[in-house]
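Visitor: I have a structure open here and I'm still learning how to read one. Could you go through it with me?

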Amino acid sequence: MTQAPTARQLAGTHLSVQLEDIAEAQELLRGVIVDTPMEHSRALGRQVGATVHLKAENLQRAGSFKVRGAYVRMSRLSEEEKTRGVVAASAGNHAQGVALAAKKLGIKATIYMPRGVALPKLAATRDHGAEVVLHGSNVDEALAEAQRSATETGAVFIHPFNNTDVVAGQGTIGLEILQQQPDVDTVIMGIGGGGLLAGCAVALKQEAARLGRQIRIIGVQAENAAAYPPSLAADAVVPLDAVRTIADGIAVGRPGEIPFEIIKELVDDVVTVSEDAIARAIIFLLERSKLVVEPAGAVSVAALMEGKLHDLGVDPKSVVAVLSGGNIDPMLMLRVIQHGLSAADRFLTVRMMLKDRPGELAIISKIIADTDANVIGVDHSRIGGQLSMGDVSIEINMETKGKEHSALVLNSLRSVGYEPVIVH
């Protein structure tokens, strides 16, 4: 993985997607998509020790990069295929990308989505004019039903990543990155099935080789949905038994064969990040860059914040992190913010046992106030299986300023005899 690609690999005579394919896809997409902005992040740059820009594909039409590949794939259907319509399966971004592309091309689209799909994503897909069929409890079950339907009805199945036209369409982001940030030397982005990373790898590596320079490309997966590391180690696609992550946009248990062949040749490294790191990255992007980014789109920033470049021994000068999508369910956003604040030690919940006597709560409140923490909730109970007569259980939710401030609050309570237990 870390060995530099050979000249033959960069020429890509054996790869199924070429730089010319991506350039043609870019022409097809003119007037269809928006050239998403490149946002400079000084705060992230200070953490990384390099210039960092964010490719804000969360601001793309339909809220993610998926419309690129979907449109390129569907625009190349024959007229006879277009009359048969298309079918796809997705929990969100691919569904919206296919629905929008179908609307623009005048093609009937049927999208299979799992029954538990987030309501905003369901509504957005329908708003683009697609027929939505709810089936199964997860994307794999919806995918199997979509493929069965395509076989039965003759509709064209639009795969989310395992197709050369889709890969070429997603690769147009790589060309935009070079046009917007010509001095980039490191590009980092998330991986699900691999279409985005594969397409960008071809665009970036082959264009850089043409210009006589090198660009390092790093993929990022959620650690509980990381199919690429074992597959790359085995030099063959290795499916996972299960995936479990808040980053539903990259919760793919089996890499696509077409992207995999490209990624194993051209991508320099693949790293993983934790759920806590993803949550912290989403909050960072909200607070410091004023960008709403879904978990799958934030994994690139999570990797930078976790020091993954340093772990790899990479010392970049100019980094671009791709924010691949912004379609986040508001209810998930609420949970992520709460979890992210807790993971960043900015939200502290403690439980303590007190004596049931007047003034006890006032004493605790003063201690917390003196540390400059902000109490936002108190749960006070005299009843419970572990409570004795005369005891009270109290749970306090408070805002803090970080790890050191949380430690100050806890030490202040302990210094006067209380025994706070951190709940989360």
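This is a predicted model: local features need pLDDT of at least 70, side-chain atom pairs count only at pLDDT 80 or more; totals for chains, interfaces and linings use all residues.

Visitor: OK, and which ones are buried in α8?

Guide: The buried residues of α8 are Ala142, Glu145, Ala146, Ser149 and Ala150. They cover an arc of only 140 degrees around the axis, which puts them on the same side of α8; the arc is that of the directions from the helix axis to the C-beta atoms.

Visitor: What do they pack against?

Guide: The buried residues of α8 pack against β3, β4 and β6, and contact here means heavy atoms within 4.5 Å. The names come from DSSP runs numbered from the N terminus, with helices being H or I runs of at least four residues and strands being E runs of at least two.

Visitor: How far does α8 reach, and what follows it?

Guide: Helix α8 spans residues 139-153, and its 15 residues reach 21 Å from the first C-alpha to the last, close to the 21 Å expected at 1.5 Å a residue. That expected span is 1.5 Å times one less than the number of residues in the helix. After α8 comes Gly154, whose phi is positive, near 90 degrees.

Visitor: You mentioned β3, β4 and β6. What order do the strands of that sheet have?

Guide: It is an open sheet of 4 strands in the order β5-β4-β3-β6, with parallel pairing, and two strands pair if DSSP finds at least two bridges between them. The edge strands are β5 (131-134) and β6 (156-157), each of which pairs on one side only. Strand β4 (residues 109-113) pairs with β5 over 4 bridges, and Ile111 has Val132 in β5 as its bridge partner.

Visitor: Where does α6 lie?

Guide: Helix α6 (residues 93-105) lies across β3 (86-89) and β4, running at about 170 degrees to β4. Axes are lines fitted to C-alpha atoms, for helices over the stretch in contact, and the angles run from 0 to 180 degrees between N-to-C directions.

Visitor: Switching topic: what's the order of the antiparallel sheet?

Guide: That open sheet of 4 strands has the order β12-β13-β11-β14, with antiparallel pairing, and its edge strands are β12 (374-381) and β14. Strands β11 and β13 pair over 9 bridges, whereas 2 bridges join β11 to β14. In β14, Val421 is the bridge partner of Arg351 and Ile422 is the bridge partner of Val350.

Visitor: Which residues of α18 are buried, and what covers them?

Guide: In α18, the buried residues are His405, Ser406, Val409, Leu410, Ser412 and Leu413. Seen down the axis, the buried residues of α18 fall within an arc of 160 degrees, so they line one face of the helix. What covers them includes β11 (347-355), α17 (360-370), β13 (391-399) and β14 (421-422). The face turned away from the buried side carries the exposed residues Lys403, Glu404 and Ser415.

Visitor: And how many aromatic pairs are there?

Guide: The count comes to 1 aromatic pair, by a rule in which rings of Phe, Tyr and Trp (its six-membered ring) pair if their centres lie within 6.5 Å, with planes under 30 degrees apart counted as stacked, over 60 as edge-to-face and the rest as tilted. Tyr228 and Phe260 form this pair, which is tilted, at 6.1 Å centre to centre and 35 degrees between the planes. The pair links distant parts of the chain, with Tyr228 in helix α11 (residues 228-234) and Phe260 in helix α12 (residues 257-266), 32 residues apart.

Visitor: Are those two buried or exposed?

Guide: Both Tyr228 and Phe260 are buried.

Technical notes:
Residues are numbered from 1 along each chain as its sequence is written. Side-chain values use heavy atoms; hydrogens and water are left out. Buried means under 20% relative accessible area, exposed over 50%, partly exposed in between (1.4 Å probe, protein chains only).
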